[in-house]
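Morning, everyone. Please look at the sequence and the model on the screen while I talk.

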Amino acid sequence: VNVTRHPITRIDSFAKHWAREIKSSPAYHSNANRLFWNSAIAQAIRQREASLPHNPTDEQVLFLRSVFEALSNDRVEVLLAPGDNVPMERLTQDVEALRWLVQKISGGDLSCDDEIYEQSLLAQPINRSERTPLSSKKTWDAWDDWQRRAFLTTADILGLNLKMYDAFKYDLSFATC
């Protein structure tokens with residue numbers, strides 16, 4: 001079973017999490033940033049998208065890395081057998097989806113009473129960047145133009161048709177420049 005997330009909110013979450021890490025430990029992502037910035041994929045993105053920063057900050061490179069990480073992973077995950085992808089958003093809001101996942105991964109050997117499932121949905125989120133996270137559309141709208149174009153350019157370079165997210169029941173119809 002693969003737990004998915006909407007790519008827009010996933011990218012934003014990765015970038016914000018990594019930005020917090022790099023502030024507390026500047027060397028933590030510096031090597032990965034350098035390797036990514038000099039990679040063939042980053043060069044291809046920069047060549048195709050003139051609006052990208054020429055001398056990016058660490059946070060800008062982290063954002064581009066998060067776009068690449070999320071989209072390249074999704075490209076593989078969408079090919080999994082139907083039913084093997086479970087949207088995280090559903091697991092955090094739907095007791096039946098959570099019950100199904102526990103049964104699926106335990107081979108039916110684990111059972112919990114209803115109160116445990118309900119309590120886990122009421123629990124405070126772990127590792128959340130914001131108290132009230134934005135919807136995927138509002139997150140997209142909050143991104144700078146270069147970030148939206150970097151997303152679309154990276155998807156194109158990776159050969160991703162954003163319609164593939166229909167399989168995850170994620171709406172990306174707003175993802176245009």
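First, the ground rules. This is a predicted model, so local features need pLDDT of at least 70, side-chain atom pairs count only at pLDDT 80 or more, and totals for chains, interfaces and linings use all residues. Residues are numbered from 1 along each chain as its sequence is written, and side-chain values use heavy atoms, with hydrogens and water left out.

Start with helix H1, residues 7-24. Helices here are DSSP runs of H or I with at least four residues, strands are E runs of at least two, and numbering starts at the N terminus. H1 has 18 residues and reaches 26 Å from first C-alpha to last. That is close to the 26 Å expected at 1.5 Å a residue, taking 1.5 Å times one less than the number of residues.

Which residues of H1 are buried? Among them are Ile 8, Ile 11, Trp 18 and Ile 22. Buried means under 20% relative accessible area, exposed over 50%, and partly exposed in between, with a 1.4 Å probe and protein chains only. The buried residues of H1 pack against H2, H4, H5, H8 and H9.

Now helix H3, residues 40-48. Ile 41, Ala 42 and Ile 45 are buried there. They span an arc of only 100° around the axis, so they sit on the same side of H3. The arc is taken from the directions from the helix axis to the C-beta atoms. Exposed Ala 40 and Gln 47 are on the face turned away from that buried side. H2, H4 and H9 are included in what covers the buried residues.

Next, Asn 2, in strand S1. Asn 2 is buried, at 15% relative accessible area. Leaving aside neighbours within four places in sequence, its contacts (heavy atoms within 4.5 Å) include Glu 77, Leu 80 and Val 86.

Last, salt bridges: a side-chain nitrogen of Lys or Arg within 4 Å of a carboxyl oxygen of Asp or Glu. How many does the whole structure hold? The search finds 9. One joins Arg 148 and Asp 145, at 2.3 Å from N to O. These two are 3 residues apart in H9, which means about one helical turn between them. Arg 148 is buried at 13%, whereas Asp 145 is partly exposed at 41%. Another pairs Lys 163 with Asp 166, at 4.0 Å. Salt bridges that share partners also link Arg 10, Asp 74 and Glu 77 into one network.
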